[in-house]
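Here's a quick tour of the model on your screen. Have a look at it first, then read on.

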Number of protein chains: 2
Amino acid sequence: ELVRGLAELWGPRPLAGRRAVVTAGPTREALDPVRYLSNRSSGKMGYAVAAAAAAAGAEVVLVSGPVALAPPPGVRRVEVTSAAEMLDAVLAEVAGADLFIATAAVADYRPAVSADRKIKKDSERMELVLERNPDILATVAALPERPFCVGFAAETHDVIGYARGKLEAKGLDLVAANAVGEGQGFDRDDNTLTVLWPGGERALGSGSKRELARALMDIICERLHARD
Amino acid sequence: ELVRGLAELWGPRPLAGRRAVVTAGPTREALDPVRYLSNRSSGKMGYAVAAAAAAAGAEVVLVSGPVALAPPPGVRRVEVTSAAEMLDAVLAEVAGADLFIATAAVADYRPAVSADRKIKKDSERMELVLERNPDILATVAALPERPFCVGFAAETHDVIGYARGKLEAKGLDLVAANAVGEGQGFDRDDNTLTVLWPGGERALGSGSKRELARALMDIICERLHARD
């Protein structure tokens with residue numbers, strides 16, 4: 001414990017002087033003042049990634065959807081609810097950042113209309129029209145002076161195939177892929193990750209989200225320095 | 001503190017020998033393995049009501065949707081996710097119960113189809129067809145040998161009007177009405193309640209959810225004994 005403490009204190013801090021923006025948690029998309037559309041993301045992976053980036057020496061801003069977690073020490077948290085709010089907060093923070101890590105499970109769709117009043121239930125069936133939310137990661141990756149961009153792909157099927165497709169379609173620098181559903185991924189303390197980049201990949205296997213976040217940060221540092 | 005402790009220990013336990021079933025929290029209605037429709041209920045009011053019923057001497061079963069709360073001491077908790085699961089659990093527990101208190105913010109609608117796989121976002125707009133969930137409180141109130149039935153009405157507008165309508169439409173014994181939205185009601189520690197019954201009503205004013213739950217339980221006991 002002491003040895004690791006000393007190593008952290010005086011060991012290499014590969015992200016010293018770097019600014020990182022991390023997104024985490026779900027977003028909530030309001031149907032009306034009480035109802036919303038969301039997903040099962042607990043934010044644990046993103047909070048572990050933010051902590052690992054801070055431990056590596058980075059100045060970290062964590063843009064977080066609604067979760068039941070305390071911000072990691074040394075990390076500045078910006079709390080948001082919807083995808084639109086998350087995009088605004090990210091664009092405000094990402095200027096001049098070296099690293100953008102999008103772990104948030106942003107809702108892909110939001111209700112096209114959000115009612116001011118609680119909707120009354122007066123019919124047996126109801127059609128809810130949803131419209132696509134902005135793609136926060138693709139928006140940041142398309143900025144003229146963009147940071148090193150890391151995405152997460154949480155899928156129930158063909159995880160690696162979708163992750164490779166996401167890497168290429170959005171022009172990312174790195175994607176961390178994990179399987180969700182059937183007791184894996186969301187709202188758990190452990191996870192299984194495979195990291196992909198243009199021309200390479202590495203399976204990190206299973207572990208606690210804290211361990212995986214540190215292993216992921218090692219690869220991010222390698223690739224970030226390789227790019228410089 | 002000692003005096004109140006003694007009063008609780010030896011004071012009147014008006015629900016001694018009675019069985020109460022309380023529902024609490026939101027429900028979550030799955031769109032696919034990761035996405036869901038839900039609402040902002042924290043479960044705090046329902047957990048306070050379950051604790052107050054136990055303090056009044058009842059044997060309490062708390063049927064709870066997903067919340068971040070520990071069950072009150074002496075209360076048996078049954079955890080559920082969807083409205084359909086909540087209805088099943090309530091019907092299994094309510095046989096022979098003397099009191100049913102429905103505080104849960106049950107989702108009125110669920111997706112008509114829940115996908116086995118995570119839905120891919122390939123279109124700008126999407127129509128989600130929702131169908132009405134079972135009305136748990138109305139189902140219990142319509143049972144041939146029903147318990148004393150208490151409902152909650154959380155509304156953004158015309159709270160008392162809607163609450164009186166709910167009391168009559170579902171044939172309830174008592175309704176507790178509170179305003180939500182604009183910083184009131186959901187996910188807060190305090191609340192404002194008005195209690196209505198056939199032929200009467202009483203404003204309990206504002207207070208902590210714990211205080212209001214005890215005041216509500218006093219009225220429930222009065223009405224329950226008046227009916228016997």
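## What holds the chains in touch

Let's start with charges: six salt bridges are counted between chain B and chain A. One of them pairs B:E131 with A:R125, whose closest N and O atoms sit 3.5 Å apart. Keep in mind that this is a predicted model.

Polar contacts turn up too, with 15 residue pairs found across the interface of chain B and chain A, both partners at pLDDT 80 or more. On chain B, the elements giving two or more residues to the side that touches chain A are β3 (35–39), β8 (125–132) and β9 (148–155). The largest share of that side, eight residues, comes from β8(B).

## How much surface is involved

In total, 37 residues of chain B are in contact with 37 residues of chain A. Together the two chains bury about 3800 Å², with 49% of it on carbon and sulfur atoms.

## How the copies are related

## A helix inside chain A

Now for helix α6 of chain A (residues 209–227): its 19 residues reach 26 Å from first C-alpha to last, close to the expected 27 Å. Its buried residues include A:L212, A:L216, A:I220 and A:L224. The buried residues of α6(A) pack against α2 (44–55) and several strands of chain A, among them β9 (148–155) and β12 (200–208).

Definitions and conventions: Residues are numbered from 1 along each chain as its sequence is written. Chains are lettered from A and ligands numbered from 1 in the order in which they are written. This is a predicted model: local features need pLDDT of at least 70, side-chain atom pairs count only at pLDDT 80 or more; totals for chains, interfaces and linings use all residues. Side-chain values use heavy atoms; hydrogens and water are left out. Helices (H or I, at least four residues) and strands (E, at least two) are DSSP runs, numbered from the N terminus. The expected span of a helix is 1.5 Å times one less than its number of residues. Buried means under 20% relative accessible area, exposed over 50%, partly exposed in between (1.4 Å probe, protein chains only). Contact means heavy atoms within 4.5 Å. Buried area is the accessible area (1.4 Å probe) that two parts lose on being put together, summed over both. A salt bridge is a side-chain nitrogen of Lys or Arg within 4 Å of a carboxyl oxygen of Asp or Glu. A polar contact is a pair of N or O atoms within 3.5 Å; within protein, one must be able to donate a hydrogen and the other to accept it, and residues adjacent in sequence count only if both atoms are side-chain atoms.
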